[in-house]
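Dear colleague,

Please find below the structure that I am handing over to you. My notes on it follow directly after.

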Amino acid sequence: MVTRQMARGRTVTCVCLLVVAVVATAGAAGTVAGAEGTATGAEGTATGAEGTATGAEGAAVDAATSSGWSAPQDVSWPSQDLGQPSQDVARPSQDEGWSVPNGTDEQPGDVVRIPVGFAGNETEATVVIENESLGYRLVVRVVDENRDGVAVLNWNTYHAGSVPAEAVANRTVAADEPDRVLDARRTTPQRDGRLDEGHYTVSVRHDDSVVAEDVVVLESDPLRRSSITVLEGPPLADASTAFARSGISGTIEQDEWLFVLVERQSIHGYVDGIEDLTGNGTDGVTFHITRGSDGPMVDLSNATFLHFPQHDEFVVGVPPNATVFEPDTDYVARFVVARSNPYAGGGQVSSSTEFRVLPAGAQPDRPVLEVVDVRAPETVIEGREATFAVSVVNSGEREGTATVVVGLEGTNVTREVTVGPRSQETVRVAFDTSPLTEGVTRWDVRIAGGARTVTGELEVRLTNETRIEDPTLVPGPRRTSDGGQPGFGALAALVGLGIGIGGRVLALQRE
């Protein structure tokens, strides 16, 4: 057959070129589509990572950074004049290593975090935050103590314009430890009220030159509203750990943690403890729990305060077995920002939620664990490992630990996975195929003691000469983007078209 095709060399060559052109065109289109899909996936991952940084994951970091402002040590004022920069000040690009954030938006009254990047082996820089038209200028000297190339400044916009000059360093600006502020001074007059909204230039200066510069925008967002949520946490000693494992609930047992999560902007520069919320509150910002809607207030003097200013959130936690609650009783948690607050927007802000306290053990909570997805290879070379990615979901109200079992031909491999309440975890289980023989074998994945088992097939091969391993999502049928059978998509259709045209040309040659 090859000889007969060669006898018709020019005709076959044309047919082959046509087929190759069609295949190449389809392949290029597929490559572009794949690149777009990759970019979209990367964007989604970045968004998820940003959206996932919730109070549960950030508890340890936020607790460390929100413990209060500490007075700087070894205060010494710079000898050089740090007034307005002259017109001939050099302004190198930020590509040299020095950097500040590329545009930062924050609510007035909150704390602005400003990461300052250092160049090379430099460890000290001067940062100037200013708005000339609003008459505000703050000069800060910061040192990168751990030499990691970055120091994070926390600029408290609530105290920024009104505190006395001698209190600027420890109330207006501080640095994340171990880095520290050497000195800070406001070179503009003290204000009677809050710092105005507007665009504030942030510049980094080194050797009398501006080496990096950008803008912080202070602006209220009228679309953002307060929210309040009640959560129930397990009876653990550490409040942050218990909160990380808590779940939303309208009923709280007396032997469990009660957490009330409040989300509100423009309060985090001056509210950082229970004492700022109870009683008369600070600037009219109050939080209370009452028995019923208008009953007596619950004593919160022993409550725990968790602060997540980066997410505009704080949490009030009441530990297990607290005597402040009565069983089988309804309570109301209420958060209020009074009209007198400078950031209230001209009216009182109030949000509340109800919950019921139950006797200890009234609703024994337990984890509910189940295998929901298994990602497994279709083929594996004999003697190599077959890796199973097993997704386990917990639909229960408590964290639970499950033993994942992967079985092939009577041999089991197990892995333990811990899943938080109403969440999902994926564990990878590697199965050694050395005891298996060539051929198709059936596998099953389950949770020890669970009701659901997911099954599939794995082909063990001596070599992998022709077939390409294709991970398949199990359970469920394989799907293709055009709704056809696997392997018969648009590319296969174009190749078939080219072969059909070639066959027709050969037939005409025979005639």
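In these notes, a residue is called buried at under 20% relative accessible area, exposed at over 50%, and partly exposed in between (1.4 Å probe, protein chains only). The model is predicted, so local features need pLDDT of at least 70 and side-chain atom pairs count only at pLDDT 80 or more, while totals for chains, interfaces and linings use all residues. Residues are numbered from 1 along each chain as its sequence is written, and side-chain values use heavy atoms, with hydrogens and water left out.

Glu416 counts as exposed because its relative accessibility is 59%. Glu416 belongs to strand β23 (residues 411-419); strands are DSSP runs of E of at least two residues, numbered from the N terminus. Leaving aside residues up to four places away in sequence, Glu416 touches Thr401, Ala402 and Thr403, a contact being heavy atoms within 4.5 Å. The C-alpha atoms of Glu416 and Thr403 are 4.5 Å apart, although 13 residues separate the two along the chain.

The whole structure holds 17 aromatic pairs. Rings of Phe, Tyr and Trp (its six-membered ring) pair if their centres lie within 6.5 Å; planes under 30 degrees apart are stacked, over 60 edge-to-face and the rest tilted. One of these pairs, Trp155 with Tyr200, is edge-to-face, at 5.6 Å centre to centre and 65° between the planes. Trp155 lies in strand β5 (residues 150-156) and Tyr200 in strand β8 (residues 198-206), 45 residues apart. Trp155 is buried at 0% relative accessible area, and Tyr200 is buried at 0% as well.

Yours sincerely

Notes: Helices (H or I, at least four residues) and strands (E, at least two) are DSSP runs, numbered from the N terminus.
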